[in-house]
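The following exercises concern a single protein chain.

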Amino acid sequence: MKQEFLDKIKRELINGYAKKRHPFRYFTLATMHNGAPRQRTVILRKLQDDFTLVLYTDSRSQKVADIKECPTVSALFYHPKKLIQVKVEGNAEIVSDKSHLDSYWKSIPENSKKDYITKLPPGSPIDNPDHTTYYTDKNYFCMIKIIPNTIEILQLKRPNHMRALYTNTTVGWQGQFIVP
């Protein structure tokens, strides 16, 4: 039963990036900055077989600086119709392989590339959003991989809620039901 619960969540996470309207497409990513948590909404771009989460960002963003300072992160997903919450905790890695980044960059739709070519870094003050300027000859596209240590799943339902904690071990994911 524990394995089926984890398999169900894996399918939901795959749907999160495969189906544009799936609630797991957008999730909350928490990093640490100067000893305090920082949260933001990001987009799930891929789920690897080992539950590694992949997202894209601008390499100049605060989240990249936070991860370089402290790679421990937390990701939170919620499906409002199915009443499922998934919390993934692990370590983030900044992908630096240029050929790997270039292959993903080529797959990004042209209108979405603007997110990674602004002349000013994300969070810079500007007078007017319509006056944002862009590079045509370079980009700041970056990928982040979150390698999970634990996955906690909460399924709200009656008569009993279900909650389980899975830990990534040398022999694979080991699960334990816990009190909701």
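A residue counts as buried under 20% relative accessible area, as exposed over 50%, and as partly exposed in between (1.4 Å probe, protein chains only). The model is predicted, so local features need pLDDT of at least 70 and side-chain atom pairs count only at pLDDT 80 or more, while totals for chains, interfaces and linings use all residues. Residues are numbered from 1 along each chain as its sequence is written, and side-chain values use heavy atoms, leaving out hydrogens and water.

**Exercise 1. Locate Ser-61 and decide whether it is buried or exposed.**

Solution. Step one is the position: Ser-61 is found in the loop between strand 4 and helix 2 (62–69). Helices (H or I, at least four residues) and strands (E, at least two) are DSSP runs numbered from the N terminus. Step two is the accessibility: with a relative accessible area of 6%, Ser-61 is buried. Step three concerns its side chain, which reaches the backbone oxygen of Asp-58 at 2.9 Å.

**Exercise 2. Describe the order of elements in the chain.**

Solution. First, the chain has three helices and nine strands. Second, from the N terminus on, these elements run α-β-β-β-β-α-β-β-α-β-β-β. Third, the C-alpha trace spans about 55 × 35 × 35 Å along its principal axes. Of the 180 residues, 36% count as buried.

**Exercise 3. Classify the ring pairs Phe-24/Phe-77 and Tyr-56/Phe-141.**

Solution. A pair of aromatic rings is described by the distance of the centres and the angle of the planes. Rings of Phe, Tyr and Trp (its six-membered ring) pair if their centres lie within 6.5 Å; planes under 30 degrees apart count as stacked, over 60 as edge-to-face and the rest as tilted. By this rule there are ten aromatic pairs.

Step one: the ring centres of Phe-24 and Phe-77 are 5.3 Å apart and the planes stand at 55°, so this pair is tilted. Phe-24 belongs to the loop between helix 1 (2–18) and strand 1 (26–33), whereas Phe-77 belongs to strand 5 (residues 72–79), 53 residues apart. Both Phe-24 and Phe-77 are buried.

Step two: for Tyr-56 and Phe-141 the centres are 4.9 Å apart and the planes at 75°, so the pair is edge-to-face. Because Tyr-56 lies in strand 4 (residues 53–58) and Phe-141 in strand 7 (residues 141–155), the pair ties together parts 85 residues apart in sequence. Tyr-56 and Phe-141 are both buried.

Step three: ring pairs link Tyr-56, Tyr-104, Trp-105, Tyr-116 and Phe-141 into a cluster.

Technical notes
Polar contact = N/O pair within 3.5 Å; in protein donor to acceptor, adjacent residues only side chain to side chain.
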